[in-house]
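Me: I have a new structure to read. Please take me through it one feature at a time.

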Amino acid sequence: MDVCNVCGLPKDLCVCQALATEEQKITISTEKRRFGKLATMVTGLDDKTINLKDLVKRLKSKLACGGTMKNGIIELQGSHIGRVRDELIKAGFKPESIVVKEIK
Ligand SMILES: [Zn+2]
């Protein structure tokens with residue numbers, strides 16, 4: 001049986017991920033990349049409690065864009081702040097825990 005290594009409960013009873021999801025302070029921002037292209041960054045996610053691999057996979061398929069995940073930071077190609085925010089909320093993150101920083 002799979003047991004959570006944070007609380008020791010079986011994974012189907014564990015609420016660590018759900019609690020952590022509610023407690024995140026997430027920033028979504030855009031950054032200029034080479035050749036003036038924009039990238040959307042999602043920072044502040046706790047990679048110990050959030051399954052970032054699944055999250056980046058989900059964002060990439062929903063937004064139909066390329067993306068990577070490194071050191072707990074998700075980087076998506078293109079400017080998708082509004083849609084990333086919507087998808088994070090659908091994934092269970094609270095709207096008030098998400099800060100948006102857009103560059104023009
Ligand atoms: Zn747990």
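Me: What should I know before I start?

Reply: This is a predicted model, where local features need pLDDT of at least 70, side-chain atom pairs count only at pLDDT 80 or more, and totals for chains, interfaces and linings use all residues. Residues are numbered from 1 along each chain as its sequence is written.

Me: How many helices and strands are there?

Reply: First the terms. Helices (H or I, at least four residues) and strands (E, at least two) are DSSP runs, numbered from the N terminus. The protein has three helices and five strands. Along the sequence they follow the pattern α-β-β-α-β-β-α-β. The C-alpha trace spans about 50 × 25 × 20 Å along its principal axes.

Me: In what order do the strands sit in the sheet?

Reply: Start with the general idea. Strands of a sheet pair through backbone hydrogen bonds, either parallel or antiparallel. Two strands count as paired if DSSP finds at least two bridges between them. Here five strands form an open sheet in the order β3-β4-β2-β1-β5, with mixed pairing. β3 and β5 (98-101) stand at the edges with a single partner strand each, so one side of each has no neighbour in the sheet. From one strand to the next, the twist averages 20°.

Me: Which strands does β4 pair with, and in what sense?

Reply: β4 pairs with β2 (residues 38-43) in the antiparallel sense, over four bridges. Strand β3 (residues 67-70) also runs antiparallel to β4, again with four bridges. Look at Leu76 in β4. Leu76 is the bridge partner of Thr40, and Leu76 is also the bridge partner of Gly67.

Me: And how many bridges join β1 and β2?

Reply: Six bridges, in the antiparallel sense. One of the partners to look for is Met41 in β2, which bridges to Ser29.

Me: How do I read burial?

Reply: Count C-beta atoms, placed from the backbone. A residue is buried if 20 or more other C-beta atoms lie within 10 Å of its own, exposed if 12 or fewer, and partly exposed in between. Of the 104 residues in this protein, 15% count as buried. Strand β4 (residues 73-77) shows two faces. Ile74 and Leu76 are on the covered face. Ile73, Glu75 and Gln77 are on the uncovered one.

Me: Which residues make up the largest nonpolar core?

Reply: A nonpolar core is a set of buried Ala, Val, Leu, Ile, Met, Phe, Trp, Tyr and Cys residues joined through C-beta atoms within 7 Å. The largest one here has 11 residues: Ile26, Ile28, Ala39, Val42, Leu45, Leu59, Ile74, Leu76, Val84, Leu88 and Phe93. β1, β2, β4 and α3 (81-90) are the elements that give two or more residues to this core.

Me: What does Val42 touch?

Reply: Two residues are in contact if their C-beta atoms, placed from the backbone, lie within 7 Å. Set aside neighbours within four places in sequence, and Val42 contacts Ile26, Ile28, Ile74 and Val84. Now take the whole protein. Among contacts between residues at least 6 apart in sequence, 46% join residues at least 24 apart.

Me: Which strands does α3 lie across?

Reply: α3 lies across β1, β2, β4 and β5. The helix runs at about 155° to β1. For such angles, axes are lines fitted to C-alpha atoms, for helices over the stretch in contact, and angles run from 0 to 180 degrees between N-to-C directions.

Me: Where is Ala20, and what does it touch?

Reply: Ala20 is in helix α1 (residues 16-23). With 16 C-beta neighbours inside 10 Å, Ala20 is partly exposed. Ala20 touches Asp46, Thr49 and Ile50, residues up to four places away in sequence not counted. Gln17 also lies in helix α1. Leaving aside neighbours within four places in sequence, Gln17 is in contact with Thr49 and Ile50.

Me: Which residues have a positive phi although they are not glycine?

Reply: Here is the general idea. Most residues other than glycine have a negative phi, and most peptide bonds are trans. Phe35 has a positive phi of about 60°. Phe35 sits in the loop between β1 (26-32) and β2. Phe35 counts as exposed because it has 5 C-beta neighbours inside 10 Å. Asn71 has a positive phi of about 50°. Asn71 belongs to the hairpin of β3 and β4, with two residues between the strands. Asn71 is exposed too, with 7 other C-beta atoms within 10 Å.
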